[in-house]
Amino acid sequence: MTRIKAFFLTSVLLLVIWLLLTAPFSVPELIAGAVVAVVVALLPTGAHRIFASVRLTPKAFGAAVAYLFVFLAELVKANLDVAFRVLNPALPIKPGIVRVRTRLQSPLARTLLANSITLTPGTITVETRGDEFFIHWIQVRDEDVEGATREIVSKFERYLEVFLG
């Protein structure tokens, strides 16, 4: 069953990418994209290991959509914060590297978490070791592991946990 789920997810992902690259699309392009997506998904790429933790339930789909909105909101907030700090040198910065922990078990979930942190301005995932991430933070508000985890990780983690485990 895991291979079927991985095949389906890989095919859909490839088809969406195809459609985004060929927009505006026609029916022949849609058919060609579907054929290419299925053929590529059939290749022995190891996608079944990558997508093994993806949950295909309504609750998981809702969590994925909620995650996108939370990520976009955090992205806007962080961009504004960094822009204000650049434009107003009087605003304090206290850069540093903090250690945070995650409850996420799947490699895909941890990768998405690390990338979400890095894509949010003001934070960069420097290193990961098991359940620990080392994050460079432009304004360290809490040096304690639990406090930094609550500040940086928890907003993403609760949604990633639902749809990726």
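Let's start at R103, which is partly exposed at 46% relative accessibility. On the terms: buried means under 20% relative accessible area, exposed means over 50%, and partly exposed lies in between, with a 1.4 Å probe and protein chains only. Before going on, this is a predicted model: local features need pLDDT of at least 70, side-chain atom pairs count only at pLDDT 80 or more, and totals for chains, interfaces and linings use all residues. Residues are numbered from 1 along each chain as its sequence is written, and side-chain values use heavy atoms, with hydrogens and water left out.

Back to R103. Its salt-bridge partner is E157, with the closest N and O atoms 3.5 Å apart. A salt bridge here is a side-chain nitrogen of Lys or Arg within 4 Å of a carboxyl oxygen of Asp or Glu. This pair links distant parts of the chain. R103 sits in the loop between β1 (96-101) and α5 (107-119), E157 sits in helix α6, and 54 residues separate them. Helices are DSSP runs of H or I, at least four residues; strands are runs of E, at least two; both are numbered from the N terminus. E157 is buried, at 2% relative accessibility.

Next, the helix pair. Helix α4 covers residues 58-87 and helix α6 covers residues 145-164. They pack at an angle of about 160°, axes 8 Å apart. That makes α4 roughly antiparallel to α6, a label for angles over 145 degrees. Axes are lines fitted to C-alpha atoms over the stretch in contact, and angles run from 0 to 180 degrees between N-to-C directions.

Who makes the contact? From α4: K59, A60, A63, A64, A66, Y67, V70, F71 and E74. From α6: K155, F156, Y159, L160, V162 and F163. Contact means heavy atoms within 4.5 Å. The residues divide into 12 nonpolar, no polar and 3 charged. Nonpolar is Ala, Val, Leu, Ile, Met, Phe, Trp, Tyr, Cys and Pro; charged is Asp, Glu, Lys and Arg; the others, Gly among them, are polar.

Two of those contact residues, K155 and E74, also meet in a salt bridge, 3.5 Å from N to O. K155 is in α6, E74 is in α4, and they are 81 residues apart. K155 is partly exposed at 21%. E74 is buried at 14%. Shared partners join E74, K77 and K155 into one network.

Last, a local pair. R85 and D81 both lie in α4, 4 residues apart, about one turn of the helix. Their salt bridge has its closest N and O atoms at 3.1 Å. R85 is buried at 15%, while D81 is partly exposed at 28%. The structure holds 10 salt bridges.

Conventions
Angles under 35 degrees count as roughly parallel, over 145 as roughly antiparallel, 65 to 115 as roughly perpendicular and the rest as oblique.
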